[in-house]
Each structure stands twice: as C-alpha cells, then as structure tokens.
Amino acid sequence: MAGETLSRRLEARVPPAAALAVAILAVSTSAILIRWSSAPSTVAAFYRVLFTAGLLAPLAASRHGETLRSLGRGDALAAGATGVALAVHFAAWFQSVEWTSVAASVTLVQAQPLFVAVGAALLLDERLTLPKVAGMAVAVAGAAVMSVGEFLAGTAVGPHPLAGNALALVGAVMMAVYVLAGRSLRARVALVPYVTVVYAVCAAVLGAIVVAQGDPLAGYAAEEWLLFLAMAVGPGIFGHTVINWALEHVESSVVSVSLLGEPVGSTVLAMLLLTEIPGSWTVAGGLVVLAGISVTARAREE
C-alpha cells in the first residue's frame, strides 16, 4: 500500500512522459562514464550495481520490509534468475563499450526486444506474427551492415570491434532473459523491493566474477569512485529504475520505442565528449537496426 501511495504521489508531481525523457537522458550517459573509467570493466559494472542497490536499500527496508520478508521460495528464485541475467548483461556490455564504438555497442545492446519476442514465442506461447518477423529480419540486416561494413572498410572504431559488437548482442540476449524472467515477479512485487533484490543478486554475481578474474576491488583513484557513483545515480537510479516506474504509467510499447533514444543520445554524447565520430556504415546500419527494433516492439503490443 505504501508503495502504491508513493507511486501515485510521484505520478501527480512528475508526468510519466517527463520522467521517461529524464530516464533516457540518464541511460545515454552510461557508455560515456564507462569509457571515462580506467577500471576493469567488470569492476565498474560491479560497483555501479552495488552502489545502486545500496542507495535503494534504505527505502526498501523502511517502506517495503514486509514485502521483502514475505518473499516465497519461488519469488526468491525468480529474483535470483533475473539478477544473474542482469549481471551477465552488464559484464558483456561494459566490455563491449571498451572494444567497439559507443554507437555500435549501445545500438546493438538495445536489440533486446527482438530476443524478448523470440523468447516469448518459445516460452510463453506468444505468436510470432509477420510484423514481428519482418522487424527482426530488418534489425539483423542492420546489425550485419553495422558490424561487417565498418570492418571491411577498415574504419571500425575500437581495438576489437567485431568481438565488441558480439558482446553487445550477448548483453541484449541477457537483458531479454532478465525481462522474461522477471515478468511474473514484477507483477506481484512493488518496484523498489523488486529492483533492490535483483540488484543485490546482480552485484553478488559480478563480485564473484571480479574475484575469479583476479581484478582488484580497491586502490582506485578518487575520480574512479566518483565515476562508479555517477553510474549508479545516473543510469542506475534516474535511468533504469525510473524506466521501471514509468512502465506502470505508460504503455510498454511507448517505453520500448522511447528506449531507442539511448543509442542516439549516447552517440551524440560520444561525439561531443569523446570526439568519437561514427562511420557511415555504423550510422546506416544503426538506423536500420533501430527501425527493425521499433517495428518489433510495436508489433508485440498489437
């Protein structure tokens, strides 16, 4: 009840469309912050999620303590699955940003609606309509143009562009798993306790990956810790958490298509702050990918 009251108060004070616009701007900064950080990618991912969970934990404990204590075994397993999927998503995508261009990485990782459509057809018996298939085909063609075109032309950005693009797609697949695995849990659990549990599990998995890789968890300069915190507050709190809130007040098709603003925002910020100019193949392929994702996302709501 407290969560519903807080949600209604927020909706009264902040129009969902305005909140969604802020969220898209916030997530658009993620790739830039990753590039500015000199820490290993999994370390940056770990602290982003850990700090996000830490910022939300007091609110979850004070307003949703009963919800957290009453989580059943099935819900706990669902939260664990979504947290693991989110951890793999972050690990793959953070490394992708280091290996390929910001434009390519952010565009390809946003292909998750395509994999959600496939997963929903296989696991939830949702029908694959012609518009869905057409949208997926267009997006795949755009991804091929984006990845292969720059590589063959010798204008690809990044030390390992093909591997980076592949990791971005892995990140998209894991985000789709995250969405599908968390769908039933999100329907029963309020936003704050849901994301707090998922972020906590995600941080634990990322921490295990960092330890297994032998990367240091301490000894970073002050600016690195500020970057980790910025990742948590910006893309974490004002980005993904606000997007989850907006899903309660705006049609999911609108949110899905709005998320296509992230590649555009990230690309513009990369041009201004990193002087990274995307090649013509990346721009052309990226536009095709975004068109395919848009068609697929809208078709899933019909």
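Guide: In the protein chain, confidence is lowest in helix α1 (residues 2-13), with a mean of 52, and highest in helix α3 (residues 30-36), at 95. This is a predicted model, and its protein chain averages a pLDDT of 83, with 89% of the residues scoring at least 70. Where pLDDT is low, the predicted coordinates should not be read in detail.

Now to helix α11 itself, which covers residues 222-246. The unreviewed UniProt entry lists residues 225-247 among its "transmembrane region" features. In the model that span is 96% helix and 0% strand, and its end C-alpha atoms lie 31 Å apart.

Two packed helices are described by the angle between their axes and the distance between the axes. Take helix α4 (residues 41-69) as a partner: its axis and that of α11 come within 8 Å and cross at roughly 60°. That angle makes α4 oblique to α11, and the crossing is right-handed. From α4, the residues in contact are Val 43, Ala 44, Tyr 47, Arg 48, Phe 51, Thr 52, Leu 55 and Leu 56. Across from them, α11 contributes Trp 225, Phe 228, Leu 229, Met 231, Ala 232, Val 233, Pro 235, Gly 236, Ile 237, His 240 and Thr 241. Sorted by class, the residues of this contact of α4 with α11 are 14 nonpolar, 4 polar and 1 charged.

Another partner is helix α2 (residues 16-28), which packs with α11 at an angle of about 145°, the axes being 8 Å apart. Here α2 passes α11 in a left-handed crossing. On the α2 side you will find Pro 16, Ala 19, Leu 20, Val 22, Ala 23, Ala 26 and Val 27. They meet Gly 234, Pro 235, Phe 238, Gly 239, His 240, Val 242, Ile 243, Trp 245 and Ala 246 of α11. The contact of α2 with α11 divides into 13 nonpolar, 3 polar and no charged residues.

Over residues 17-38 the chain is 86% helix and 0% strand, with its end C-alpha atoms 35 Å apart.

Notes. Residues numbered from 1 in each chain as written. Predicted model: local features only at pLDDT ≥ 70, side-chain atom pairs only at ≥ 80, totals over all residues. Heavy atoms only, no water. Axes fitted to C-alpha atoms, helices over the stretch in contact; angles between N-to-C directions. Helix = DSSP H or I, 4+ residues; strand = E, 2+ residues; numbered from the N terminus. Parallel < 35°, antiparallel > 145°, perpendicular 65-115°, else oblique. Left-handed = near helix turned anticlockwise from the far one by under 90°. Contact = heavy atoms within 4.5 Å. Nonpolar A, V, L, I, M, F, W, Y, C, P; charged D, E, K, R; others polar. UniProt positions renumbered as here; feature names shortened; annotations may be inferred. pLDDT = per-residue confidence, 0-100.
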